Structure formats: C-alpha cells, structure tokens
Amino acid sequence: MRHFRKIMVIIEPKQMRQVALERAMALAHTGKGTHEIIAVMPINETAGNITSVLSIQNEDERKDAAIKKGEKWLQAYLSIHAMGFDIKTEVIWSKSVGKDITRLAHQEGVDLLIKAHEVHGMLDSVLFTPLDWQLLRHAPVPVLVAKDHIWHPTGIIAVALNMSDPDDVVTRMSHIRLLREAQELSRMMHAEIHLLTAIPPLVPPASIDLPGFTPDLLGDAALKEGCKAVLSFAARHKIPAEYCHIREGQPDEVIPTLCAELNPTVLFIGTSARKGVAVALVGNICERVTDNLDCDVAVITPKAVIERMPVSSEFISDNMA
C-alpha cells in the first residue's frame with residue numbers, strides 16, 4: 001500500500017454488496033492525496049456458452065449486449081453506493097478472467113488490487129482455480145482479499161514472517177516489502193504492527209542414534225534460531241519485542257490461531273505462488289491461511305517483490321544483513 005494512487009477493485013456481478021469496493025473507498029478516505037479507484041467487472045465468456053447454443057445472436061452481438069448490460073448495472077450501483085467518489089469503470093469480456101485482470105492491472109499501473117474473499121471447497125484447487133487464488137498467485141501488485149467484517153480505523157496490523165530459510169534472498173526481500181506496506185498502512189490508520197511467525201517442528205531421521213541425542217534437542221535449537229531471527233528483524237526495524245509472536249507449529253495452523261487472539265484489521269503475508277500439480281497435492285499456505293481468517297489479508301507475490309524492489313548487492317547488504 002506504499003504510495004498507492006491507483007486501486008483496482010474487482011466487482012462481483014449481480015452482488016448487491018461489494019465488499020471490495022467498500023474497502024477501497026475506506027482506504028481512499030483514510031489516506032491523503034488523490035486516489036483513483038478503478039472498478040472492474042469481469043464477465044466470463046464461458047459462462048454463456050450453454051445458453052448461447054439456443055440464441056440466434058452471434059458471438060460479437062452477445063459480447064456487446066453483455067458488456068452494455070454490465071456497464072449499465074455498474075453505473076447504477078455506483079451512483080447509489082459510491083456517492084462522492086469519482087470511480088473509473090471497466091467491464092471486460094474474458095475467457096481467462098485472472099490473466100486479463102492481471103494484464104489490465106499492469107497496463108493501468110495500479111498499486112493495489114482488491115478482491116472480495118470467496119468461499120472455497122476442498123476440490124477447488126483440483127477441478128478449477130477460483131479467481132481470488134489466481135490473483136494471489138500471479139498478480140504483479142499486492143492483492144488485498146477483503147473479508148466481510150468491520151474495518152477498524154485503528155487497531156493491529158499483523159505481518160507473517162517465514163523464517164524457514166533465512167538465507168533465501170527472495171524471502172528476505174519479501175519480508176522487507178511486507179513490512180514497508182504494513183508501515184504505510186499503519187501510518188494511515190495509526191495502528192500497531194505485530195510480527196507473527198510459525199516455527200515448524202523438526203522431525204529428525206529415524207536413523208540418528210548418537211549417545212546423549214534426543215529429538216527434543218534438535219527441535220529446541222530450531223525454535224531458538226527462529227526466535228533469534230525474528231527478534232533480530234524486529235530490532236532492525238524498531239518493532240518492540242513484545243509485538244513479536246512466535247510459536248512452534250505449521251503456519252496454516254499457527255497464523256490463524258494468533259490472528260484469532262490478536263484480532264488484527266489486516267494480515268500481511270507473502271506467497272510462494274506454487275503452481276501446477278504441486279498446488280493440487282500440497283496447496284499454497286497463503287491460500288489456506290486466507291480461508292481460515294476473519295480479517296482482511298494483504299498478499300504479496302514473488303513477482304510483485306522482484307518487479308518493485310531493487311536487487312543490487314548494496315541494497316541487500318544494507319537492508320537485509
């Protein structure tokens with residue numbers, strides 16, 4: 001959310017309450033300066049294929065009719081629910097909504113994408129990929145998944161850190177980007193920043209048989225190293241130690257538990273943007289965490305980190321040492 005001037009909102013067709021639009025207007029109202037909101041309503045071309053078999057209209061006619069109908073509905077909705085905001089509208093007809101939205105976001109140079117959360121089934125990652133998950137994996141800018149909850153102007157902003165591989169450059173850059181975005185929102189909302197970290201328990205190989213060795217020693221050492229890394233990161237960025245929350249366990253279990261206790265307004269988290277078969281078998285931790293939270297979730301993909309931050313050796317040594 002750093003220096004965001006353009007916010008792109010995904011409009012849910014035929015929904016009478018647009019949570020993403022409400023969040024965009026709240027952010028624009030909270031921030032200073034001029035903010036442009038672009039409301040994009042996607043129309044999935046494949047959704048009309050069944051009914052089009054019986055239609056005498058050709059494809060171009062159906063497309064024009066659907067776009068005009070969508071524009072009329074969107075303008076009527078904004079005239080009632082977005083009074084006082086100058087909102088640019090865009091209705092897109094698409095076979096691949098996720099790709100077209102990310103392409104449009106890049107062309108418009110937006111600083112933030114906002115999408116309302118969808119309720120997902122167990123087979124979603126196997127049979128098809130929901131739109132919000134597509135954006136979490138491929139968006140070139142931060143994505144805010146808006147939940148249906150009260151947006152507090154003050155409170156807590158949580159940042160989830162991944163300390164499983166502290167030497168990974170992209171992960172360390174992601175931590176910096178997450179914190180910078182959270183700090184910008186914190187200045188707007190006058191909120192406190194808390195760091196959340198899950199340290200996965202280590203399971204040693206069964207073949208280890210050394211005198212005096214116990215598996216607990218290995219787990220305790222990993223937990224201590226994780227705590228040291230988090231506290232060191234917090235100290236470098238002037239975050240009090242009492243605002244660091246570190247627990248042993250899997251991230252998709254620990255992060256929702258900590259958020260339930262802290263009740264943050266928004267959680268900032270990075271994603272590995274795992275693709276293909278790996279998604280169906282393993283899934284993305286970010287997506288599982290997002291589904292289990294009641295607060296908004298701001299997600300930053302590796303693509304957004306690499307495209308928006310310098311990667312020179314001087315930057316890395318100055319900011320990540």
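A residue is taken as buried when its relative accessible area is under 20% and as exposed when that area is over 50%. On this basis, 47% of the 321 residues of the protein chain count as buried in the structure described here, a predicted model. The chain contains 13 helices and 10 strands, and it exposes about 16,800 Å², of which carbon and sulfur atoms supply 55%. Among contacts between residues at least 6 apart in sequence, 80% join residues at least 24 apart.

Helix H7, which comprises residues 169-189, is mostly covered, with 16 of its 21 residues buried.

Helix H4, formed by residues 97-108, has 12 residues and reaches 16 Å from its first C-alpha to its last, which is close to the 16 Å expected at 1.5 Å a residue. The buried residues of H4 are Val97, Gly98, Ile101, Thr102, Leu104, Ala105 and Glu108. Seen down the helix axis, these buried residues fall within an arc of 160 degrees, and they therefore line one face of H4. An α-helix has 3.6 residues a turn, so residues three or four places apart point the same way. On the other side of H4, Lys99, His106 and Gln107 are exposed. The cover over the buried residues of H4 includes strands E1 (6-10), E2 (36-44), E3 (87-94) and E4 (112-116), together with helix H6 (131-138). Just after H4, glycine 109 takes a positive phi of about 65 degrees.

The side chain of threonine 102 reaches the backbone oxygen of lysine 99 at 2.8 Å. When neighbours within four places in sequence are left aside, threonine 102 is in contact with Leu135, His138, Ala139 and Pro140.

The largest nonpolar core holds 52 residues, of which Leu21, Leu27, Ile114, Leu185, Leu195 and Phe268 touch the most other members. A second, separate core of 37 residues includes Met8, Val254, Cys286 and Leu293. In soluble globular proteins, nonpolar side chains tend to be buried together.

Leucine 293, one of the members of the second core, is placed in the loop between helix H11 (285-291) and strand E10 (296-300). Its relative accessibility is 5%, and leucine 293 therefore counts as buried, given the cut-off of 20%. Not counting residues up to four places away in sequence, leucine 293 touches Lys147, Ile255, Pro256, Cys259 and Leu267. The C-alpha atoms of leucine 293 and alanine 260 are separated by 7.7 Å, although the two residues are 33 residues apart along the chain.

Technical notes
Residues numbered from 1 in each chain as written. Predicted model: local features only at pLDDT ≥ 70, side-chain atom pairs only at ≥ 80, totals over all residues. Heavy atoms only, no water. Core = buried A, V, L, I, M, F, W, Y, C linked by side-chain atoms within 4.5 Å. Buried < 20%, exposed > 50% of the residue type's maximum accessible area, 1.4 Å probe, protein only. Helix = DSSP H or I, 4+ residues; strand = E, 2+ residues; numbered from the N terminus. Polar contact = N/O pair within 3.5 Å; in protein donor to acceptor, adjacent residues only side chain to side chain. Contact = heavy atoms within 4.5 Å. Expected span 1.5 Å × (residues − 1). Arc of directions from axis to C-beta. Areas by Shrake-Rupley, 256 points an atom, 1.4 Å probe, with all protein chains shown as cover.
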